[in-house]
Amino acid sequence: MFSSRRRFLTTTAAFCLPLPTLFGQEESLEDERTAWFRAAKFGMFIHWGPYSQASVEASWPIMRPEKWGISEKDYRALAKTFNPTHYDPDAFIDLARTAGQQYMVFTTKHHDGFCMFDSSFTDYKITNSPYGKDIVKQLSDACARRSMRLGFYYSPPDLHHPGFRDTSEPASENWNGQPERPEWPGYLDYMQLQLSELLTRYGDVETIWFDGLGHQEKYDGLRFIDLIRKLQPATLVNDRIGFTGDYVTPEQFIPEHIPTKNVRMRGADASVQKELRAGVPSTDEFQLWETCMTINNTWAYNVHDRSFKSPQELIRGLVEVCSRGGNLLLNVGPQPDGLIQPEFQERLRAIGDWMTVNGSSIYGSTYGPIQSASGLRTTVNGSNLYLHVFDWPAVPLQVTGLQAKVLSARLLANNQPLTFQQTGTGLQIQLPSRAPDANVSVIALRTL
């Protein structure tokens, strides 16, 4: 019996999911399955496995070994020494909550095929490592106990399974899989068995996050969407198994314009942005989406990767995403011992400090009526329009293109009322001389 946890949203702001009524759109009923996702806005992605011991990326060293300096044999051997004795799922949840993140997505199996859960259908798994315990089970139990929504990343590619590819050959030669081989139907059965485990042994699964690499049609995605709908009808599915699913997933970039249903974001392909059109789409045209992004340059823990994004860059990235109606799934790669490195913690806490003051402009919001204005981003939450000011002006703030009548204006940072004048579609707001927040200052407008 699954808990009733998924039937309730976990934040006060999430109980009422507003629609963009400020720019001439009719309010319509939200899909109940996606309502929590639309309201949550900010989640934690977790990429973790034996590869963290070698400070290399997840799976890619055996797909592109010339870049990473580790052989496939040595990569595979990392599972024999993986023992994260300091792993504490509650610490993961504490950090996510501190950052203001409303859900988590955990890598149950990456392309290398190593399972972080106790699958009955492979020996290449966490319970056969020195650690010996089911990491996914511990996390799912903790999330259920503490009402943190949890989704599972599951890789359809599996470079360890002989049905996916001829494992007598180097993975670098056939890592895209070999659906032409007679073993392929057996591999799809293996996928079904593992997904069934994840959907029946680990409580509520809020989303299945596939990562199919290229030619995703070879996985017979409709079969697995039907399986998910049968086992957990409320579970959301992303777009990386040959179908659009419930939401699309641009990777490591933020779309320049609001995604619409006629354009597929195609994962890491930022060039697709040229197909997006500027402006504000109708509710029916809008495509639900989530950008996944790293804090430095790698998904997995890498002691050598010191290219950390600043707190300001991350906060502004979150605002950019939400101003176009999306979610931000921000990644952490835990250390081999199970701890999350201090640099990640510092940045997540800084985001949380900003969210504590300005969260009402993010949670439960959707894209705003003013797009592509220099130094300004907008979100909408019911009758509130939020102006996110990146570049604090030395003169009164001029806002054009606003149709709604403004009743009041205030700074979220200190609740200070602001004087304003509105004529036609122009709005002029008198501001203090200094920005109240060095990252992003937010002005809340109550509108009619």
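User: What radius of gyration does the protein have, against that of a compact globule with 448 residues?

Analyst: This is a predicted model. Its C-alpha atoms fill a box of roughly 75 × 45 × 40 Å along the principal axes. For 448 residues, a compact globule would have a radius of gyration near 22 Å. The protein agrees with that, at 23 Å.

User: How are H5 and H11 oriented to each other?

Analyst: Two packed helices are described by the distance and the angle between their axes. The axes of H5 (residues 89-99) and H11 (residues 342-358) come within 6 Å. They cross at roughly 40°. Angles under 35 degrees would count as roughly parallel, and 65 to 115 as roughly perpendicular. H5 and H11 are therefore oblique.

User: Which residues of H5 meet H11?

Analyst: On the H11 side, the contact involves Gln345, Leu348, Arg349, Ile351, Gly352 and Met355. The residues of this contact divide into five nonpolar, three polar and one charged. From H5 come Leu95, Thr98 and Ala99.

User: Which residues lie nearest the centre of the largest pocket?

Analyst: The largest pocket has a volume of about 590 Å³. Its lining has 28 residues. By class, these are nine nonpolar, 10 polar and nine charged. Nearest the centre lie Trp60, Leu213, Arg240, Glu251 and Ala268.

User: Where does aspartate 437 lie, and which residues is it in contact with, leaving aside neighbours within four places in sequence?

Analyst: Aspartate 437 sits in the loop between strand E14 (426-429) and strand E15 (441-447). Neighbours within four places in sequence are left aside. The contacts of aspartate 437 are then Trp354 and Asn358.

User: What separates the C-alpha atoms of aspartate 437 and glutamine 101?

Analyst: Along the chain, aspartate 437 and glutamine 101 are 336 residues apart.

Conventions
Residues numbered from 1 in each chain as written. Predicted model: local features only at pLDDT ≥ 70, side-chain atom pairs only at ≥ 80, totals over all residues. Heavy atoms only, no water. Axes fitted to C-alpha atoms, helices over the stretch in contact; angles between N-to-C directions. Helix = DSSP H or I, 4+ residues; strand = E, 2+ residues; numbered from the N terminus. Parallel < 35°, antiparallel > 145°, perpendicular 65-115°, else oblique. Contact = heavy atoms within 4.5 Å. Nonpolar A, V, L, I, M, F, W, Y, C, P; charged D, E, K, R; others polar. 1 Å grid on protein atoms, 1.4 Å probe; cavity = no way out; pocket = protein on both sides within 12 Å on 5 of 7 lines; lining within 4 Å. Points joined across faces, edges and corners; volume = space filled by probe spheres on them. Rg over C-alpha atoms; globule rule 2.2 N^0.38 Å.
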